[in-house]
Each structure stands twice: as C-alpha cells, then as structure tokens.
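Take a look at the protein shown here. This report starts from one residue and then widens the view.

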Amino acid sequence: METFLRGVMRRVLAGDVPQPWWIPRRVPTVVSADVDATVGVGAIWIVSRPKSPQTREHIALLEWFGEQWRYVGGGSGPGDDPVNVDVLDVCNGGGVLSLTRSIDPPRSITAAPWIGCAKVRLGRDVGHVLVGARRIENPKHCELIAVWTSPYISRGVRPVIVALGRDGAELSRISPHDSLDTHTWARLREEL
C-alpha cells in the first residue's frame, strides 16, 4: 500500500491526475490528493468499492523524510453519501503527529509538528479555495482533501478556509473553530 501512496504523491507533484491509470476505479478510487511541498506533507482521500453497499473511505497522511514519502497515519470508515453544497462545507478532519520529524535530532515528540487534514466539498461556482495561504483549484467533482501542519500544542485547529469565485471574489469562509461557513450563516439568518 505504501508503494501505491508514494506513486500517488509523485503523480500529484508532477501535476498529473492522482488516480494511477493501471488501477480500475471500481476497486480503489483516488478522490483527491493534496501536497504542501513547502513543509513536506501530503494527504490522500481514497474510496474503496465506490457505488457499493460496502463502500469504505480511507484517508492517508504522508510526510517527506529521508528523500522519500512515508506513510505516517490515517484512518478509514464507511463512505459518506454525496452532498449538495451551495458554496463550502468542511468535514471529517483528522490528523497525526509527525513521526518522522519526531525522530529527527534535535527534535522530540513534544516539538514535532501536527499534520492535519479535512475533506472539503465545494459548490459549482467556486473557482478555488485558500487553505491558509495555499491556493487549491476546485476539481470537476467539487470534492478535495486539504493538508496542513501546525504546532502540536494547537493540533486539531485547521487554518482559515476561503472559497473564491472564478473572478477571485470571496464567496464564503470558515474559521478554525467554526462548524458552518459564512455563506450558510447568512442564509440561515435570512430564513429566520
């Protein structure tokens, strides 16, 4: 499995589609992959047996260390049902302590960074999102995974995520501790 994950990371860094051509999409489908090359972390969102009652989702977190991508953790669970999103929905975040950086002297487990990720669903009018300072294009299927690092002390805190239209105008944003984006809040206020 780690060889497969490394291959996906190489494809993403090369600007290619993350799904390897030799793996049929009915077995595992790479929904999205994200790499933050400046800090050397990546996340891959995989669905096994899509469109089946036994659908499973897998999130793999990787880190660049020792001149190669290393799997440092992740998780799996039953697949989510597709959701229609107006502008921005952030869900199912996760994270893991950087294992490779914690063994890199003079670092220790207490100084190692936290690698976090979240699944992001976008509306059709969104051109791209900003995850912290990084810009990620909205894929055709409007689902992506975003990865970041933070100090261990603030683990579980995601960066601000901003949805921008094709013209660059801000459509919505979600702050680190919010559960709903600004567009959804505004719509809820109008309905009251």
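## Serine 98 and its contacts

Start with serine 98. Setting aside neighbours within four places in sequence, serine 98 is in contact with Glu63, Ala112, Pro113 and Ile115. Keep in mind that this is a predicted model.

With glutamate 63, the link is a polar contact. It joins the side chain of serine 98 to the side chain of glutamate 63, at 2.6 Å.

Where does serine 98 sit? It is found in the loop between β5 (88–97) and α2 (99–102). Is serine 98 buried or exposed? Its relative accessible area is 0%. The cut-off for buried is under 20%, so serine 98 counts as buried. Serine 98 and valine 41 are 57 residues apart in sequence, and their C-alpha atoms are 9.3 Å apart in space.

## A sheet of four strands

Now look at the open sheet of 4 strands. Its order is β1-β2-β3-β4, and the pairing is antiparallel. β1 (28–36) and β4 (68–78) stand at the edges with a single partner strand each, so one side of each has no neighbour in the sheet. From one strand to the next, the twist averages 15°.

Strand β3 (residues 56–65) pairs with β4 over 10 bridges, in the antiparallel sense. Leucine 62 stands opposite tyrosine 71 in β4. Helix α1 (residues 2–13) packs on the sheet and touches β1, β2 (41–48), β3 and β4. The direction of α1 makes about 60° with that of β1.

## The nonpolar core

In soluble globular proteins, nonpolar side chains tend to be buried together. Here, the largest nonpolar core has 17 residues. Which residues have the most contacts inside it? They are Leu88, Val120, Leu122 and Val129. The elements giving two or more residues to this core are β5, β6 (114–122), β7 (126–131), β9 (143–150) and β10 (161–165).

Take leucine 122. Leaving aside neighbours within four places in sequence, leucine 122 is in contact with Val85, Val87, Leu88, Val129, Asn138, Cys142 and Leu144.

## The whole protein

The protein has 3 helices and 11 strands. The radius of gyration is 17 Å, close to the 16 Å that the globule rule gives for 192 residues, so the protein is as compact as a globular protein of that length. Its C-alpha atoms fill a box of roughly 55 × 40 × 30 Å along the principal axes.

Buried residues make up 46% of the 192 residues. Among contacts with a separation of 6 or more, 49% join residues 24 or more positions apart.

Terms used: Residues numbered from 1 in each chain as written. Predicted model: local features only at pLDDT ≥ 70, side-chain atom pairs only at ≥ 80, totals over all residues. Heavy atoms only, no water. Pairing = 2+ DSSP bridges. Axes fitted to C-alpha atoms, helices over the stretch in contact; angles between N-to-C directions. Contact = heavy atoms within 4.5 Å. Buried < 20%, exposed > 50% of the residue type's maximum accessible area, 1.4 Å probe, protein only. Polar contact = N/O pair within 3.5 Å; in protein donor to acceptor, adjacent residues only side chain to side chain. Core = buried A, V, L, I, M, F, W, Y, C linked by side-chain atoms within 4.5 Å. Rg over C-alpha atoms; globule rule 2.2 N^0.38 Å.
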